[in-house]
Amino acid sequence: MTTGPAWVSPALLRAECAAVEDPPPWLLPGVHLRVFPSPLIGFPICPFTVWRAGAASRLSHPLPPLHPDGSAYFTGVGEQALVVGAAGRGGRTISVVDHAGRLGPSCSGPDPFVARVPLPGLRYQGPRSDLSVAVYRDGPRTDGSGAVLKTPSWLFVAPQDQAPLDAIGAPLPDTVWWCGADPRYPSADLDYRVYKGIPSDAPPYNPAPDDPMARAAASAQHLEADVTRLWTQPAKSTPPSAAALTTRTLSGIGDGREVAVDTDVSVALWASTADPAVARWWGFATTLPMSPEGLVNADQAECFAVAALFAIEPTQSNARLLNLLPGPADPMEQAFTEALYQAHESAALADRSKELETNGHRLVSLWTIAVATPPPDPPEAPEVDVPPGRARWNPAPEADGTPDGTWTARLAVRNTLGGPLAVQREPDVWLNPDVDDSGRWRQPIIAPSAGPGTRAVSVTDTKCPDGSARWQVATADLWGQWSQFGASRDVDPPARPWPPAPGVVLDYAPADPPPTGTAPASPGTVTVRATVQAPPAGGAPIGTVEAQLTATSGWFPLTDEGNGNCTAATPALPTTPGTSLDLTCTVVVHHIGGPDTSTPGTLTVHDPRPYVKELLSEVILFSGDRRPDGYAELDIWTAHPTDAPAGTTWRLYSGEEQAPRTGAAAEQPRWQRAEPFRADTVAGRTPMARVTDAMVTEAGGRLRIRCRLPGRLESLRALQLVPVGASGLEAPRDRRGCCVVAVPLTDTPPAPQLNCTLDPDGVTVRLTVSVDFPGLLATGGGLAPPIARRVGDGTSADTAVPLVRVRRSAAGGAPATWPVLGTVTMHPTSPMDPADGWRWIGEYTDRLPSGIPAWAPFAYMCEAAWPAEPTYRPGSTPIPGAFSPTWGPTATTARQSIWSAPSEARATAAPRPLPSIAPRYTSHGDGTASLAVTVPALHPAAPPWTLTATAPAAGPTAAPPSASVTGPGPELRLNGLPDQSPPDHWLVALTTPDGHTLPMATGTGAISPWPKTGREGHQRQT
């Protein structure tokens, strides 16, 4: 079957190989191999097995650079291609690029090499049975010579019979999860793996000389118990390398503390291999049993195939792992699986695999290619710094709460390539954590990234002593080659932390007994409670604690009550009735040799005495007339008291008159009932209720009070405007003052009777008015009830009469819009029968104005009203007091009663002059003529004049010509008359506005023609 090439993703498995002939520091001679399985795939069930895979030949054509400077090359096939390495002699440094385009370890030499690797079970359809690894990442491209390199195709055949070179053992229990390494493979021996590749030179963070085996054993010791337990689980269990593991491990941030870590076993094993000795302990690295001589030269480099068998849990839901696993198109998976079964036949790997598959696990064979290359150059010394804001003082330990004077610094280390670190705070404090309690060995630090978008890693030193500090950091590559130390600058400790501000709480207790009178007095006692925190690391110790109520009062000390609590009590500042006082208390903590810290606290205290303002008025205040909705609007004002405390609000209270509803007392006028009602209210004897819908607003030094009253209310209402202080206190009921209000009475007299006569002079009009009120007139007379309820029985009947006003109009319109001419003096008259009630009569004379148009129509009507209602006792001196109406008359003005319905209108007219007829005849010379008459101008509302003209017929059968026109004057004109009859043959008649026809003007000379002038005709007038 022919298929395209399929490779195992380096994200799951990759291998590196270094052929060392002339060993540099930190390395021994030999062919060293390191295998990097991903924690996603876990630990294999068999040793990593190595086959020789031929040589990588030097590329005969230019390798296309992936970077503009030409220093980086890609040497793989497709997006999942493997890096096969780069090697050479002399010249500049080039970099190997992995499958994702990342730069790998650099090595000296300008010549890139590409592997041509024969593999078991794989045959190229070409002249050689090997695998040609192309040099393109994204498919075929054109190389420098112009030739197109195409991806080869593959034919899957049976595995070739090739014995493995080596298999890397691991100290794991021999169970279904681990078949172990055949002793015939050198790397099955732990001593071989460790001592063959790790020199006795100690890492920079350990004292020399060093024992790499003891160091690896000490580092692996904390995992051995869990490894033994997990690898002895039955086949139906979760793969041991995927099992969750909670361990106590060193924090790795330089403070020597242990932290709890939840992780997979595979992650824990992978993290421990930062030390190459530990990597060889757990079977991730070895030295291959062959000489490095000649493996790498100018023309070729030796290649090795590395493979292992992995068990995957059937419920595995890791999407990333499933995407990276090789698919069914990989032609090498089955070949390597069979080769692994054959290589580990003595350990029954096939039987173990079958048992795992029977229990639902999936077996995956992963393989990769490692190219023997010269070891990379040792890393360059990293750059070390503490960025701004990355240092802080340490908080006090929880044990005793006393700061130890240390601070924490977060180092940013650059140019590390992500390798392990050795970190020392000068002169001799290592941040690398100890392996165990012996203190003989330390661990390398694997530092996390310093943050997104950075190329630095972060190392934290949590125990920097007081004073400046300096660090030096070295980094290593995967072979254990350490760089020189890179030193930081001298870093000063962070600024001394500012002492925390105290917490302040103010309590208030009213004075007992409370103050009396109106003089300023303290309303109570203020207790100051301050919470003073212990100073932080580097902070100055606490001295004294003081407080001040306001900026003008003195300071007073606070007493230490223990546990950071300090208290003191002081009298509140004096207040006056109805006032409130916002107190600001500042608490200051004086630190010895350090800054002072302060916190303000606020508290509002209220004077227990209410603000009293007795607003009184001795007149009745009337509301507006009743509205269509049945209510009457009361709108009054009073001057805003200048002594009212700030923040004073106002409430309106109302109480209704408790007078009898019937009897003589009920018929008393309201001004008379108001006096005792006002006295009862001022004394606090009237039940009052708050008017919640009232509006009391302040503007221009006034308080405006608006509220609604029932429109049918005829009793009195008492209102009290009560000041309310900020504390909500009101004046007592007997010290609130009062004003009495009422809704105007709505009863009216019947419509009056009106008679109108015009004197012969044509300009004098005489009016007679009468008003009748039904009822039973008592013997000896007496006031009508509507008048008595307004002015009282003590008023003379000759003066207590209805009011009558007269209106006249010459232009029509509604009577209510007619202008008022004047008032009529009314006087009572005794009716013939007392049962007819009361009657009042009066006369009024009017003279028509001069210069009015003729025949102008005139009409008269009149209205009546009861006498105005006084606002106070007649004859006394009124005291308006504090309140006044917002609109209308003053508070002392009597309230005008409502006018009655109007009387019937009585009409008359202006003089009616009779004009003399003087017609004017005009002949136009075109067969037509016109006739005009001058008349007095009429009022627009008067009926019009009518002009009529006739003439004899022109023949016995013809109709006589005639014409007519109407109008107000001053000229009436008939146009278009036939110019056939002589002018004196026309008969003219004029009808007046009242319908009378004046005598006709006839006979010779009645109408004469005017002298003719050209085409205008001739005219003549008698």
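**Entry 1.** I began with glutamate 971, which forms a salt bridge with arginine 920; the closest N and O atoms are 2.7 Å apart. The two residues sit in distant parts of the chain, glutamate 971 in strand S55 (residues 971–978) and arginine 920 in strand S51 (residues 920–923), 51 residues apart. I note that the model is a predicted one. Arginine 920 has a relative accessible area of 18% and is buried, whereas glutamate 971, at 39%, counts as partly exposed.

**Entry 2.** I then looked up aspartate 846 and arginine 808, whose side chains meet in a salt bridge (2.8 Å, N to O). This pair also links distant parts of the chain: aspartate 846 belongs to strand S47 (residues 838–847) and arginine 808 to strand S44 (residues 803–809), 38 residues apart. Both aspartate 846 and arginine 808 are buried.

**Entry 3.** I turned to arginine 895 and aspartate 625, which pair through their side chains in a salt bridge (2.9 Å, N to O). Arginine 895 lies in the loop between strands S49 (883–885) and S50 (906–909), and aspartate 625 in the loop between strands S34 (615–622) and S35 (631–639), so the pair ties together parts 270 residues apart in sequence. I found arginine 895 partly exposed at 21% relative accessible area; aspartate 625 is partly exposed at 43%.

**Entry 4.** I recorded a network of salt bridges that links Glu714, Asp747, Arg789 and Arg790. The structure holds 36 salt bridges.

**Entry 5.** For the whole protein I noted 9 helices and 58 strands. Of its 1022 residues, 47% count as buried. The protein exposes about 47,400 Å², of which carbon and sulfur atoms supply 52%.

Key:
Residues are numbered from 1 along each chain as its sequence is written. This is a predicted model: local features need pLDDT of at least 70, side-chain atom pairs count only at pLDDT 80 or more; totals for chains, interfaces and linings use all residues. Side-chain values use heavy atoms; hydrogens and water are left out. Helices (H or I, at least four residues) and strands (E, at least two) are DSSP runs, numbered from the N terminus. Buried means under 20% relative accessible area, exposed over 50%, partly exposed in between (1.4 Å probe, protein chains only). Accessible areas come from the Shrake-Rupley method with a 1.4 Å probe; for residues, only the protein chains shown count as cover. A salt bridge is a side-chain nitrogen of Lys or Arg within 4 Å of a carboxyl oxygen of Asp or Glu.
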